[in-house]
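Let's walk through the charged pairs in this one. Have the viewer open and follow along.

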Amino acid sequence: MIALQHILDAVNVGGLYALMALGIGLIFGVMRLINFAHGEMVMAGGYAMAMLSALPAPAVIAVSIIIVVALAVAIERGAFRPLRGKDPATLLVASFTVSYFLQNLSVLVFGARPLPFAFMPGLAEILEIGGLRVPLLQFVSLGLTVLALAGLAVLIKRTTIGIELRAAAEDVVTAQLSGINVNRVIALAFVISAVLAWVVSLTYSAQIGQLSPAMGVRPLIIGFVATILGGLGSLPGAALGGFLVGAISVLLEVVLPSETRPFREAFLFGLVFIILVVRPEGIVRVRALQERV
């Protein structure tokens, strides 16, 4: 039973990091940009749900998604579109700048102290299943992750939008010469990444039970680790990398005592450094998964 509980924990944690990695990998695939402001979209989703908590749950979900999507589109239009085609270092600095600006803006608006988060408190209910005591939140989180992954796979593989995204990821100039509206495609990539960030925001905020201006930093960094493991530019690899990181995290929690958490974080980053040196293309990519986006 304990082993089953650890497996369930690993799948849920891995799903969270997989969604973060997919959001990061999607933008990188289209723009060759590591969007470090992606974590602030997670933060924005949490605060949006908190501000709208007096409304019915469906309204909170719908409006908070709209807010996160609007923020993502504004970031793309105001910060990244004017710099498109510039040196990658310039885009990276812009990404850090936007992230830092949004964090400090949230401090001014909401304060630096963490705020309690209790959207849909019924998710904390404990279910008894075959001797296991599993929070309802874990099943909701797993269901949302599966829906998001399946929906993204169908969108990328079966729709015109997905074809355009893959074309822009392969070669932006050729895609534009072929009649594809690159501005619209990149904006759609930001919209999709924003929806993925909202899903992470809902589950992650409910897990930690609080909101803070820096709440998106840790899932962003771990999602970036997962993206590196899977290989930048490969969405299937990013998803697998996320689940791999989740499994490693749960395994380290089982093996090591709780006070060694900083060591667990250092271990993950050390692993990324080794991969970047030895196998920069990632370790979980196989031939069948190497297509871009």
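Glu-164 is buried, with a relative accessible area of 13%. In this predicted model, its side chain meets that of Arg-184 in a salt bridge, at 2.8 Å from N to O. The two partners come from distant parts of the chain: Glu-164 sits in helix H6 (residues 160-170) and Arg-184 in helix H8 (residues 182-208), 20 residues apart. Arg-184 is partly exposed at 39% relative accessible area, so this residue falls between the 20% cut-off for buried and the 50% cut-off for exposed.

Why would such side chains pair up at all? Opposite charges can do so when the charged atoms come close.

How many salt bridges does the structure hold? The count is three, and the other two to look at both involve Glu-76. With Arg-84, the closest N and O atoms are 2.8 Å apart; with Arg-81, the N to O distance is 3.1 Å. Because these bridges share partners, a salt bridge being a side-chain nitrogen of Lys or Arg within 4 Å of a carboxyl oxygen of Asp or Glu, Glu-76, Arg-81 and Arg-84 are joined into one network.

Now color that trio by accessibility. Is Glu-76 buried or exposed? Glu-76 counts as buried, at 1% relative accessibility.

How values were computed. Residues are numbered from 1 along each chain as its sequence is written. This is a predicted model: local features need pLDDT of at least 70, side-chain atom pairs count only at pLDDT 80 or more; totals for chains, interfaces and linings use all residues. Side-chain values use heavy atoms; hydrogens and water are left out. Buried means under 20% relative accessible area, exposed over 50%, partly exposed in between (1.4 Å probe, protein chains only). Helices (H or I, at least four residues) and strands (E, at least two) are DSSP runs, numbered from the N terminus.
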